[in-house]
Amino acid sequence: MSADTGRPVAYVVDDDEAIRTLWQWLMESNGIDVATFATAAEFIAVYRGGGGPACLVLDLHLPGMNGLELQEYLKRQGIEIPIVFVSGHGNVPAAVSALKRGAVDFIQKPFSYRDVLAIVQRAFEHDAQSRQHRAEQMQVADRLAALTERERDVMARVIEGKLNKVIADELNISIKTVEFHRAKVMEKMGAASVASLVQQIARYSSNP
């Protein structure tokens, strides 16, 4: 298995070899690339991100670094991958805690193959949407970086819905100068209208 195919990849971390074999069979028999690891440390050593959508199927109880600790480690490192926790009946409170910390779902043992596949597919969709959102944010960030300080001043007021005359009064410049800077803002931001400019900034400021 290679994470460079661009196809979705399920990373599975479980210390039970039989469970890892089961996950391998289940994923591969449904056309999903999969990589399995016995410990969190093994996963950390291999995972590099990039490629296509991915998800991490993570057992709560692991030797060494446990599932929750791995979740926290990835968060500290800024590594974004949707996590699906696997837990037994007695671990539901811990699984709920994991969800509150950002996990996308949890699978309770014993589990239904159909339910598992649906959860993994949702995790892939979540990751694809998050990647798209981050790409859009980076694009907007590059556009914002190209603006001059005066253009940013004008843009901030345009977004607030202020008229050119009001902007001119607030910045102590002429209306024609406001119009010039406003046109440059729209050009650099690739915005065809004020509404599209506002949408860009809203997406840039929002979480995926």
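Predicted model: local features only at pLDDT ≥ 70, side-chain atom pairs only at ≥ 80, totals over all residues.
Residues are numbered from 1 along each chain as its sequence is written, and side-chain values use heavy atoms, with hydrogens and water left out.

**View 1. Tyr11 and its ring partners Phe37 and Phe43.** The structure holds 6 aromatic pairs (rings of Phe, Tyr and Trp, the last by its six-membered ring, with centres within 6.5 Å; planes under 30 degrees apart are stacked, over 60 edge-to-face, the rest tilted). Tyr11 and Phe37 make a stacked one, at 6.4 Å centre to centre with 15 degrees between the planes. That pair joins strand β1 (residues 9–13) to strand β2 (residues 33–37), with its two residues 26 apart in the chain. Helices (H or I, at least four residues) and strands (E, at least two) are DSSP runs, numbered from the N terminus. Tyr11 also pairs edge-to-face with Phe43, at 5.7 Å and 70 degrees; here the link runs from β1 to helix α2 (residues 40–46), 32 residues apart. Tyr11 and Phe37 are both buried, and Phe43 is buried too (buried is under 20% relative accessible area, exposed over 50%, partly exposed in between, with a 1.4 Å probe and protein chains only).

**View 2. The largest nonpolar core, with 22 residues.** A nonpolar core is a set of buried Ala, Val, Leu, Ile, Met, Phe, Trp, Tyr and Cys residues joined through side-chain atoms within 4.5 Å. Tyr11, Phe43, Leu56, Leu58 and Phe85 have the most contacts inside this one. At least two core residues come from each of β1, β2, α2, β3 (54–59), α3 (67–76) and β4 (83–87). Beyond its neighbours within four places in sequence, Phe85 is in contact (heavy atoms within 4.5 Å) with residues including Leu58, Leu68, Ala103 and Phe106. A second, separate core has 19 residues, among them Trp23, Val84, Phe111 and Phe124.

**View 3. Helix α7 (residues 164–171) and its buried residues.** Asn164, Ile167, Ala168 and Leu171 are the buried ones. They sit on the same side of α7 because they cover an arc of only 100 degrees around the axis, taken from the directions from the helix axis to the C-beta atoms. Lys165 and Asp169 are exposed on the other side. Cover for the buried residues includes α6 (149–159) and α8 (175–189). Just past α7, Asn172 has a positive phi of about 60 degrees.
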